[in-house]
Amino acid sequence: MISATVGRGAVLGAVTLSLLGVPAQAAPGQVRTEAAAALPAPDTAALRNVLRSAVKQGAPGAMARIDDHGAVYTAARGFADRRAQRAIAATDRFRVGSVTKTFSAVVLLQLVDERKLALDRSVNRYLPGLLPDDRITVRHVLSHRSGLYDYTNDLFAHTVSGFESVRKKVYTYRQLVNLSLKKARTNAPGAAYSYSNTNFVVAGMLIEKLTGHSVRSAYEKRVFKPLKLKDTSYVHPDVKIPGRYARGYLTPDKAGAALIDSTEQTLSWAQSAGAIISTPRDLNTFLSALAGGKLLSSAALAEMERFKKVNSTTAYGLGLRRRTLSCGVSVHGHTGVVQGYYTYAFTSKDGRRSVSALANTSNNTKVLNTMAGTLESAFCGKQSNPKRARTVFERTEDVAPSVVRR
């Protein structure tokens with residue numbers, strides 16, 4: 001192992017970078033496009049700078065891991081636990097937020113492969129009477145084109161008080177859907193993209209109806225165990241994160257107010273839309289396996305990757321985002337937000353290079369946008385165009401996406 005430590009020894013100033021000679025993941029049956037070998041080398045110095053900037057902007061800690069066809073790069077800066085002054089590490093577990101949606105979509109597409117589900121049939125065919133419009137299909141739900149209002153816009157219109165009101169609550173899926181149905185739909189089925197956590201609550205209901213088991217069992221049987229994701233779990237409604245983990249810190253709406261430790265919560269407001277716990281290693285393994293054709297048939301994966309444009313740099317498929325970086329490379333994955341955690345998890349089109357990164361805060365758009373730089377560092381390397389990369393600035397999150405953040 002070759003390793004280097006950069007810094008003067010103080011925990012907050014310490015950044016570790018390692019290159020490990022580990023066995024390569026099994027090559028996919030067919031290399032599709034943009035092989036990792038053709039990508040520029042990762043820019044590890046730029047990666048360290050991204051994490052350093054995120055901490056300066058208010059994240060207690062930040063870390064990332066790149067898996068590059070057998071080579072592993074890790075970097076970390078700051079604290080996993082502010083009170084204990086414990087340094088964050090790229091092996092820490094954390095709440096992955098909406099990256100959970102990709103897991104949920106994979107399970108449903110496996111059911112498509114098993115002919116238990118059809119993407120273009122009405123959700124109400126499988127869950128009779130759930131939705132007010134029979135035209136809403138499974139595909140609409142998985143692509144955020146159902147028009148179902150996102151109930152989290154109301155739950156978290158006020159960041160801290162909203163969080164505290166649900167921290168210990170346990171919802172049923174139907175209760176969450178009912179919160180959505182109190183509001184008018186955002187568009188007719190299929191007419192427009194409108195990101196909504198309600199869609200993936202419906203996805204969870206479909207999983208449980210069609211498998212006859214909980215989403216936890218479905219995740220474990222179909223994804224966690226086959227891929228040996230030993231640090232990945234779904235513990236809802238338990239509030240504890242197992243093993244060694246990074247604590248989450250929610251940034252209040254009021255400038256200058258103290259961060260709120262948001263680590264312990266049921267995450268019942270999200271469930272199949274955002275409640276999985278994982279590590280960078282496991283997320284990279286999952287995304288590489290997905291892109292490499294190890295979880296779905298080629299036909300099902302092609303459906304997942306039928307991306308439709310959202311904005312100048314982003315398109316959305318079925319529970320999967322495509323992001324085009326400043327160097328012109330497109331990567332597939334998802335972002336994730338729950339209170340106290342920002343996640344980026346993306347892979348190259350062939351799955352041979354993946355990066356997963358975390359900053360343990362939320363409600364801080366400076367940090368959110370800075371962490372996008374981990375993708376630039378991992379996939380564009382020194383070919384990243386800083387000016388072009390800065391033109392994309394997010395003011396909303398995957399939680400309460402209609403609420404503009406400061």
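1. Aspartate 92 and arginine 244 form a salt bridge, with their closest N and O atoms 2.6 Å apart. The model is a predicted one. This pair links distant parts of the chain, 152 residues apart. Aspartate 92 sits in the loop between strand E5 (86-87) and strand E6 (94-95). Arginine 244 sits in the loop between helix H9 (215-224) and strand E7 (249-250).

2. Aspartate 92 has a relative accessible area of 0%, so it is buried. Arginine 244 has 42%, so it is partly exposed.

3. Aspartate 261 pairs with arginine 247 in a salt bridge, the closest N and O atoms being 2.7 Å apart. Aspartate 261 belongs to strand E8 (residues 260-261), and arginine 247 to the loop between H9 and E7, so the bridge ties together parts 14 residues apart in sequence. Aspartate 261, at 29% relative accessibility, counts as partly exposed.

4. Aspartate 43 and lysine 382 also meet through their side chains in a salt bridge, at 3.8 Å from N to O. Aspartate 43 is in the loop between strand E2 (15-21) and helix H1 (44-56), and lysine 382 is in the loop between helix H13 (373-380) and helix H14 (386-389), so this pair ties together parts that are 339 residues apart in sequence. Aspartate 43 is buried, at 13% relative accessible area. Lysine 382 is exposed, at 72% relative accessibility.

5. How many salt bridges does the count come to? The total is 20 salt bridges. A network of them links Asp120, Arg139, Glu303 and Arg306.

6. Now the helix pair. Helix H2 (residues 100-113) packs with helix H8 (residues 197-211) at an angle of about 40 degrees, and their axes are 10 Å apart. That angle makes H2 oblique to H8, because angles under 35 degrees would count as roughly parallel and 65 to 115 as roughly perpendicular. The crossing of H2 and H8 is left-handed.

7. Which residues make the contact between H2 and H8? From H2 come Lys101, Ser104, Ala105, Val107, Leu108 and Leu111. They meet Asn197, Phe200, Ala203, Leu206, Ile207, Leu210 and Thr211 in H8. By class, the contact residues are nine nonpolar, three polar and one charged.

Definitions and conventions. Residues numbered from 1 in each chain as written. Predicted model: local features only at pLDDT ≥ 70, side-chain atom pairs only at ≥ 80, totals over all residues. Heavy atoms only, no water. Axes fitted to C-alpha atoms, helices over the stretch in contact; angles between N-to-C directions. Helix = DSSP H or I, 4+ residues; strand = E, 2+ residues; numbered from the N terminus. Parallel < 35°, antiparallel > 145°, perpendicular 65-115°, else oblique. Left-handed = near helix turned anticlockwise from the far one by under 90°. Contact = heavy atoms within 4.5 Å. Nonpolar A, V, L, I, M, F, W, Y, C, P; charged D, E, K, R; others polar. Salt bridge = Lys/Arg side-chain N within 4 Å of Asp/Glu carboxyl O. Buried < 20%, exposed > 50% of the residue type's maximum accessible area, 1.4 Å probe, protein only.
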